[in-house]
Amino acid sequence: MALTHQSIETIKKGLLLTEARVEKMPDFDIYQSILRQLSYLLSVVDGSNPDNSNLGKIIVGHFAVREFEESDPELASILKKCQNIAFKLDMGS
């Protein structure tokens, strides 16, 4: 499945938004998990990591709904988009 430049930009935006929140709450483990998952997703999408075997383990969409839907809708929205990218990649592999 060919992913567009837009997918990469979406993931990068998710990373930037999460990094900004890490600065305010560096000990919030969920942010650290999101950063690891999005970094992995970006590496698969941009081709720097050929191992896509962990795409099914990405749960940033779960965090979006459970943790941020009410309190941080901007982050929740981008995380759901990133989850959709991971899902489509996983289904296409």
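This note goes through the fold, the first helix and the nonpolar core of the chain.

1. **Basis.** This is a predicted model, in which local features need pLDDT of at least 70 and side-chain atom pairs count only at pLDDT 80 or more, while totals for chains, interfaces and linings use all residues. Residues are numbered from 1 along each chain as its sequence is written, and side-chain values use heavy atoms, with hydrogens and water left out.

2. **Fold.** The chain has four helices and zero strands. Its pattern along the sequence is α-α-α-α. Helices (H or I, at least four residues) and strands (E, at least two) are DSSP runs, numbered from the N terminus.

3. **Overall dimensions.** The radius of gyration is 12 Å, close to the 12 Å from the globule rule for 93 residues, so the chain is as compact as a globular protein of that length. The radius is taken over C-alpha atoms; the rule is 2.2 Å times the number of residues to the power 0.38. Along the principal axes, the C-alpha atoms fill a box of roughly 35 × 20 × 20 Å.

4. **Burial and surface.** Of the 93 residues, 42% count as buried. Buried means under 20% relative accessible area, exposed over 50%, and partly exposed in between (1.4 Å probe, protein chains only). The chain exposes about 5,500 Å², with 53% of it supplied by carbon and sulfur atoms. Areas come from the Shrake-Rupley method with a 1.4 Å probe; for residues, only the protein chains shown count as cover.

5. **Helix α1.** Residues 5-24 form α1, which has 20 residues. Its first and last C-alpha atoms are 29 Å apart, close to the expected 28 Å. That expected span is 1.5 Å times one less than the number of residues.

6. The buried residues of α1 include Ile 11, Leu 15 and Arg 21. Down the axis, the buried residues of α1 fall within an arc of 170°, so they line one face of the helix. The arc is that of the directions from the axis to the C-beta atoms. On the other side, His 5, Gln 6, Leu 16, Glu 23 and Lys 24 are exposed. The buried residues of α1 pack against α2 (29-45) and α4 (73-92).

7. **Core.** The largest nonpolar core has 28 residues. Such a core is a set of buried Ala, Val, Leu, Ile, Met, Phe, Trp, Tyr and Cys residues joined through side-chain atoms within 4.5 Å. Ile 11, Ile 34, Leu 38, Leu 41, Phe 68 and Leu 79 touch the most other members. The largest share, ten residues, comes from α2.

8. **Ile 34.** Beyond its neighbours within four places in sequence, Ile 34 is in contact (heavy atoms within 4.5 Å) with Thr 18, Val 60, Phe 63, Phe 68 and Leu 79.
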